[in-house]
Amino acid sequence: MLPILDKVVALVTKSMKNPRSALCKTAIMSSADIFKGYPEHLIDTLDPLLLQLLLKASQDKRFVCEEAEKSLEVMTTHMAPQPLLQKLQPYVKHFNPKVRAKASVCFYNSASRLGSEGIEQIGLESLLQTAAAQLNDRLPEAREAARKLLLHLHGVCSRNLPEVSLPEEVPTPDTEVTASKQGPWEQYCFKSLPAVTAQAVLRVTCVDS
């Protein structure tokens with residue numbers, strides 16, 4: 001199927017738009033098989049398929065929604081995290097809050113496969129900013145995905161961060177994380193994020209500190 005994979009993906013994507021729920025569901029199931037069989041060949045043609053899966057996972061028809069969620073989970077399990085996270089970036093900022101929430105879950109599921117080297121390749125600051133932006137999302141699903149991603153980043157990276165020199169203008173309220181208690185993770189958050197956002201991140205990641 002590899003020589004005609006682009007045409008197959010386009011047809012599957014088109015079938016997902018069909019108003020007949022049975023046909024739509026079958027197309028979604030087919031997409032999961034494609035993710036399993038050809039994960040390294042899909043990145044260039046992924047965008048239309050990804051959007052349709054996110055839309056179907058956000059709709060009210062339960063059996064279609066559940067099938068789309070399963071396919072998205074297969075996608076994040078089989079496709080390499082680095083290119084997939086780049087594809088997901090626009091959707092975690094989508095105007096539709098339900099699409100945004102499903103994309104945030106996918107973003108976490110994919111990023112959770114990254115170790116320290118993978119995070120370094122993508123950029124900890126970029127991942128941190130993406131997760132922090134979802135902490136105040138309208139939907140709990142997006143907020144929970146953001147919290148889980150922040151905890152993963154903290155767990156993988158907090159012990160390997162170098163000391164960071166903070167600019168003098170960065171405020172550190174005494175009621176939150178004081179300068180005397182700041183470790184490399186706290187310093188990195190204040191360096192990479194606005195002070196208020198950094199405090200929100202630290203309330204999630206340093207709750208046991």
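The discussion below concerns a predicted model and takes up a helix pair and then a cavity.

Trainee: Why is helix H8 called roughly antiparallel to helix H9?

Mentor: The axes of H8, residues 124-133, and H9, residues 140-157, cross at roughly 150°. Angles over 145 degrees count as roughly antiparallel, so H8 is roughly antiparallel to H9. The two axes come within 8 Å, and the crossing of H8 past H9 is left-handed.

Trainee: Which residues of H8 and H9 meet?

Mentor: From H8 come Leu124, Leu127, Leu128, Ala131 and Ala132, and from H9 Ala146, Leu149, Leu150, Leu153 and Cys157.

Trainee: What makes the contact of H8 with H9 nonpolar by class?

Mentor: Ala, Leu and Cys are among the residues that count as nonpolar. The contact therefore has 10 nonpolar residues, with no polar and no charged ones.

Trainee: How many cavities of 30 Å³ or more does the structure hold?

Mentor: There is one such cavity. The largest cavity has a volume of about 60 Å³, which is set against the cut-off of 30 Å³.

Trainee: What lines the largest cavity, and which helices contribute to the lining?

Mentor: Its lining consists of Val92, Ser104, Phe107, Tyr108, Thr130, Ala131, Gln134, Ala145, Ala146 and Leu149. At least two lining residues come from each of H6 (97-111), H8 and H9.

Trainee: How is the lining of the largest cavity divided by class?

Mentor: Tyr counts as nonpolar in this scheme. By class, the lining has seven nonpolar and three polar residues, and no charged ones.

Terms used:
Residues numbered from 1 in each chain as written. Predicted model: local features only at pLDDT ≥ 70, side-chain atom pairs only at ≥ 80, totals over all residues. Heavy atoms only, no water. Axes fitted to C-alpha atoms, helices over the stretch in contact; angles between N-to-C directions. Helix = DSSP H or I, 4+ residues; strand = E, 2+ residues; numbered from the N terminus. Parallel < 35°, antiparallel > 145°, perpendicular 65-115°, else oblique. Left-handed = near helix turned anticlockwise from the far one by under 90°. Contact = heavy atoms within 4.5 Å. 1 Å grid on protein atoms, 1.4 Å probe; cavity = no way out; pocket = protein on both sides within 12 Å on 5 of 7 lines; lining within 4 Å. Points joined across faces, edges and corners; volume = space filled by probe spheres on them.
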